[in-house]
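Please consult the sequence and the coordinates alongside the text.

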Amino acid sequence: MSSYARNYLKELIHDLRMHEGNAYAAFFALTCKDAYTHIIQKTGNEYRTEQIMEAAYAAFFENDNIPATPKLLVNKFNLICELKLMNEVKDQPKGKETASTFRLHQMELLYSLLVSNAHLPKNTISIETLYKYGKVRNRLYANRLLFAAAIAAFAVISAINFIPPSISLSLDGTGKNFLCHVEINTLSSITAVTAEIGGTPMRVTMEADGTYTIHPSANGTMNISVRNLLGKVTTASAEIHDVDTEPPVLVSAVAENNVLTVTATDNRRVNWKNTYVILKDGSREHAENINTHDSSADFPNYDQIVSVSINDDTGNTLKVNIQ
């Protein structure tokens, strides 16, 4: 059955021990709906349900043996309900439900019979009024519990957020495809991941698996900062030295028979397939012949060439004006 407001039950325990008639009625009003709902699910019959309820409340109030604490009070009542229910239905099949809807005016009549048959002190406040009052007390109690739970949850979250994240780094690739993978171990929410080399920000990408990838565009000491929800910052650093930032170097550009032969070197490799010349009409023309052994390429129509753009494998470009 449901839980009830502890302070209200403490008040009822005191008044029940003082044989206050309204205290008996208040306990009945507080618990009758739960008792009715529980019992009729087993019996399926309104009449038998009210019989069991009357027997259970009479046994509960008998001899004024009122437990000292709210928990014991509710446990005793629940136990008596179960015992009366077992005795009444063990040899009888469940009947067809006739009126399972809880009706407060029926509880008023039931309590009147209970007062008469169990010789309880009479109440001066109606069951309906006490029922509504009990609902208010329970609602206030539930709200306090929710508020307390929210405070506790906030305290836990705050404590978690005070723990700074930890960072694991791994480096991968070469040239402009060089990457730094960042794995963050934390119980709190991450609000920012930043990286810089010599004061220049580096591009940071969040991946689908919650890790981060940094794309260094320079060499040097890369400083990485991770900030959580409460502003706690963890830093890490990595030495970046495999980013290729140097363009190819022109060795020679020789024109013969209206063909321009360009020779160039690179600390990695010249990408001759992506190397091209710009003609006077603005069009782009790629190499006609590529000699990888000599690291050179031929471009026709020398008399129309304005400039040549020599690229390496990592995207660095050397632009040379020809005319």
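The paragraphs below treat a helix pair, a strand residue and a hairpin.

The model is predicted, so local features need pLDDT of at least 70 and side-chain atom pairs count only at pLDDT 80 or more, while totals for chains, interfaces and linings use all residues. Residues are numbered from 1 along each chain as its sequence is written, and side-chain values use heavy atoms, without hydrogens and water.

Helices (H or I, at least four residues) and strands (E, at least two) are DSSP runs numbered from the N terminus. The axes of α1 and α2 come within 9 Å and cross at roughly 145°, where axes are lines fitted to C-alpha atoms, for helices over the stretch in contact, and angles run from 0 to 180 degrees between N-to-C directions. In α1, Tyr8, Leu9, Leu12, Asp15 and Leu16 meet Ala23, Tyr24, Ala26, Phe27 and Leu30 of α2; contact means heavy atoms within 4.5 Å.

Asn223 lies in strand β7 (residues 220–228). Its relative accessible area of 34% makes Asn223 partly exposed, a class between buried (under 20%) and exposed (over 50%), with a 1.4 Å probe and protein chains only. Two distances involve this residue.

| Pair | Distance |
|---|---|
| Asn223 and Glu196, side-chain polar contact | 2.8 Å |
| Asn223 and Met202, C-alpha to C-alpha | 9.6 Å |

A polar contact is a pair of N or O atoms within 3.5 Å; within protein, one must be able to donate a hydrogen and the other to accept it, and residues adjacent in sequence count only if both atoms are side-chain atoms.

Strands β5 (residues 203–206) and β6 (residues 212–215) run antiparallel, joined by four bridges; pairing requires at least two DSSP bridges. Five residues separate β5 and β6 in this hairpin, and Gly210 in the turn has a positive phi of about 90°.
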